[in-house]
Each structure stands twice: as C-alpha cells, then as structure tokens.
Amino acid sequence: MFRRVLSFLNAKPPPPPSPQLEMQRDTLQDLPEVRIPEGYGLRTYRSGDEAGWCAIMEGNVGRDWTPELCREKLVNDPRFHPDSLFFATLDSRLVGSACAWSRDLTERIVGEVHMVAVHESQRGKGLGHLVNAAVLHRLKDLGYRQAHLLTDDWRVPAIKSYLSAGFRPLHTHDTHAKRWSDVLARIGIETG
C-alpha cells in the first residue's frame, strides 16, 4: 500500500495536449476561384440549418453537436453573420461547411477560416476547396487583408487543399516545426 501511495505521489501528470496547427494566407489577392462541382450547390446559412450543420461537424470538428449547442457556440455569437456561413449542398442536403470568422469583434486585418468540414460520404469531391474559397472571398469582401486557420495533423487532404489555396504553415508553438515537417513529408513536400 505504501509503495502505491509513493508511486501515485511521484507520478508525473500527462503533458498538456499540443495546440492545433496554424496556417496563414498573407494576402487576400489572387484568391482561388469559387468552383461548384457538378451536381452540387453553394449557399449561406438559413434559420433551421443547425441540425444539418451538426451532422457535418460530428466527428470532423468535435463530437456530440446538437442544434442548441450550434446556436450557443456559433449562431448566437456576436461574430456570426448568416452570409458568412457557407454550405456545400447535394440536392437539398447540407454536406460541407465553412465560416468566415473573426478572433474578436475588433480584429480588422486577419480573418479566420473557421470550422471547415465535409461529410465523410462526400469527401474527395472538391467541396472543402469550394467552401474554403467562398470564405476567402467573403473575408476579402468584409475588408480583411489576410486569412488564418487552425487545423489538425491528421487532416492531410484538408492541409493539401489549404496549401493549394495559398496558405502557409505557421510555427507558433514549440511543437509546430516537427509536426509540420512530419505532415508535409506525408504530403510529399520536403522541408530541408
């Protein structure tokens, strides 16, 4: 028993989780074209879209989304504007989403590409690129000059899309250099 207590007292806490990777687009000039793949559509938020948004986010950006939580974390936030939340659609179904966002209400230089996700059944069809491009154009229309986003190491297809859209990796945490090197190697980009 005494040994177990000593073991418990000497145990090191687990390291804190590493922060998400970050990317920046230094200008909102020469933006990628908003190309809607054949058979799909693009529209902005309408009241009642919360359940469809939750279905897109579930497992892509967190878990256990509900329409109430969507309203609390997104729609009721003072930074939200209906014309800044984009949906890729298939028939009338919402299948992809991204939001033009701001870190805070006073930020006027760097806009955020926020909560990008595509339903698993629709991946690989250019829908992430579609909603990302729509958000970049919206950020430019809102007067922002740069764009920033957060992503995860395992989102390799999304990172490839962001790179092709003009984003570059940022190193804002001491783990980022190694993590970016690993991610870029998986894509086939050598970093030196």
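This is a predicted model: local features need pLDDT of at least 70, side-chain atom pairs count only at pLDDT 80 or more; totals for chains, interfaces and linings use all residues.
Just after helix 5, the residue glycine 166 adopts a positive phi of about 100°.

Let me set out the chain as a whole. The protein chain contains six helices and seven strands. Followed along the sequence, their order is α-β-β-α-α-β-β-β-α-β-α-β-α. Along the principal axes, the C-alpha atoms of the chain fill a box of roughly 65 × 45 × 35 Å. The chain has 192 residues, of which 42% are buried. Of the contacts with a separation of 6 or more, 73% are between residues 24 or more positions apart.

I return now to helix 5. Which residues of helix 5 are buried? They are Val156, Ile159, Ser161 and Tyr162. These buried residues pack against strand 1, strand 5 (110–118), helix 4 (127–141), strand 6 (146–151) and helix 6.

Two packed helices are described by the angle between their axes and the distance between the axes. Helix 5, residues 156–164, and helix 6, residues 176–187, pack at an angle of about 90°, and their axes are 10 Å apart. An angle of 65 to 115 degrees counts as roughly perpendicular, and the two helices are therefore roughly perpendicular to each other. On the side of helix 5, the contact is made by Val156, Ile159, Lys160 and Leu163; helix 6 contributes Trp180, Val183, Leu184, Arg186 and Ile187. Sorted by class, this contact of helix 5 with helix 6 comprises seven nonpolar residues, two charged residues and no polar ones. As background, an α-helix has 3.6 residues a turn, so residues three or four places apart point the same way.

Strand 1 was among the elements packed against helix 5, and leucine 21 illustrates its surroundings. Leucine 21 lies in strand 1, residues 21–25. Buried or exposed, how does leucine 21 count? With a relative accessibility of 0%, leucine 21 counts as buried. Beyond its neighbours within four places in sequence, leucine 21 is in contact with Leu149, Leu150, Thr151, Asp152, Asp153, Ile159, His176, Arg179, Trp180 and Val183. Ile159, Trp180 and Val183 in that list also take part in the contact between helix 5 and helix 6. Leucine 21 and leucine 170 are separated by 149 residues in sequence, yet their C-alpha atoms are 7.5 Å apart in space.

How many aromatic pairs does the structure hold? There are three, of which I shall describe two. Tryptophan 53 belongs to helix 2 (residues 50–57), whereas tryptophan 65 sits in the loop between helix 2 and helix 3 (67–75), so the pair ties together parts that are 12 residues apart in sequence. Both partners are buried: tryptophan 53 has a relative accessibility of 1%, and tryptophan 65 has a relative accessible area of 16%.

Tyrosine 162 and phenylalanine 167 form another edge-to-face pair, with 6.0 Å centre to centre and 65° between the planes. Tyrosine 162 is one of the buried residues of helix 5, at 5% relative accessibility. Phenylalanine 167 is also buried, at 3%.

A further ring interaction involves a charge. The charged end of arginine 108 sits over the ring of tyrosine 144, at 4.8 Å from the ring centre.

Where is aspartate 30? Aspartate 30 is in the loop between strand 1 and strand 2 (40–44), and its phi is near 50°. With a relative accessible area of 74%, aspartate 30 is exposed. Methionine 115, by contrast, is in strand 5 and is buried, at 18%. The phi of methionine 115 is near 55°.

Threonine 89 is buried, its relative accessible area being 9%. Setting aside residues up to four places away in sequence, threonine 89 touches Gly39, Tyr40, Gly41, Leu42, Arg43, Leu94 and Val95.

To close where I began: helix 5 packs its buried residues against strand 1, strand 5, helix 4, strand 6 and helix 6, and glycine 166, with its positive phi, comes just after that helix.

Notes. Residues are numbered from 1 along each chain as its sequence is written. Side-chain values use heavy atoms; hydrogens and water are left out. Rings of Phe, Tyr and Trp (its six-membered ring) pair if their centres lie within 6.5 Å; planes under 30 degrees apart count as stacked, over 60 as edge-to-face and the rest as tilted. Helices (H or I, at least four residues) and strands (E, at least two) are DSSP runs, numbered from the N terminus. Buried means under 20% relative accessible area, exposed over 50%, partly exposed in between (1.4 Å probe, protein chains only). A charge sits over a ring if NZ of Lys or CZ of Arg is within 6 Å of the ring centre and within 35 degrees of the ring normal. Axes are lines fitted to C-alpha atoms, for helices over the stretch in contact, and angles run from 0 to 180 degrees between N-to-C directions. Angles under 35 degrees count as roughly parallel, over 145 as roughly antiparallel, 65 to 115 as roughly perpendicular and the rest as oblique. Contact means heavy atoms within 4.5 Å. Ala, Val, Leu, Ile, Met, Phe, Trp, Tyr, Cys and Pro count as nonpolar, Asp, Glu, Lys and Arg as charged, and the others, Gly among them, as polar.
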